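Subject: Structure handover, salt bridges

Hello,

Here is the structure for you to look over. My notes on its salt bridges follow.

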Amino acid sequence: MRYLIFAWVLMAAAVQADPAILAAVNAERASQGRAALVYDTRLEAAARAHGQDMAARGFFSHTGSDGSDIGDRLRRAGYAFCFGAENIAAGQRNLSDVMASWMGSRGHRKNILHRKARAVGVARAKGNRWVMVLAAPC
């Protein structure tokens with residue numbers, strides 16, 4: 001019983017650590033009649049690892065320096081997924097700017113509003129490299 005309570009507290013804290021991110025994504029989804037997403041720290045870890053890889057090696061791509069794709073990164077983060085998508089951006093100085101950029105791009109907008117998405121994680125790396133990972137567990 002203690003373990004379950006402790007795990008719930010950790011999950012709640014993770015969502016509260018990024019309330020603006022979750023609120024921004026869910027506001028866009030609500031405006032289109034989509035269900036709200038939950039914040040997942042495993043998705044954030046996958047996003048952070050990819051952002052740091054791009055920053056450290058000076059590139060910008062959905063393909064990692066080791067040839068990895070979003071599926072590989074989700075598996076590395078321990079997330080068993082049936083749906084996965086990734087948005088990347090570079091140069092935006094704040095959450096408002098990066099969300100406006102993503103929502104102004106057909107492909108990125110599609111990912112944010114995807115009906116299969118259930119969870120999200122976002123990370124910002126050096127050089128204002130942003131990575132958003134959206135996924136749904138199996």
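D66 and R76 pair through their side chains in a salt bridge, 2.6 Å from N to O. By salt bridge I mean a side-chain nitrogen of Lys or Arg within 4 Å of a carboxyl oxygen of Asp or Glu. This pair links distant parts of the chain, 10 residues apart: D66 is in the loop between α3 and α4 (70-76), and R76 is in helix α4. Helices (H or I, at least four residues) and strands (E, at least two) are DSSP runs, numbered from the N terminus. D66 is partly exposed at 49% relative accessible area. R76 counts as exposed at 56%. The cut-offs: buried is under 20% relative accessible area, exposed over 50%, partly exposed in between (1.4 Å probe, protein chains only).

Two notes on the source. This is a predicted model, where local features need pLDDT of at least 70, side-chain atom pairs count only at pLDDT 80 or more, and totals for chains, interfaces and linings use all residues. Residues are numbered from 1 along each chain as its sequence is written, and side-chain values use heavy atoms, leaving out hydrogens and water.

Next, helix α3 (residues 41-57). E44 and R48 are 4 residues apart there, so about one helical turn separates them. Their closest N and O atoms are 2.3 Å apart, in another salt bridge. E44 is buried at 12% relative accessible area; R48 is partly exposed at 36%.

Across the whole structure, the search finds 6 salt bridges.

Best wishes
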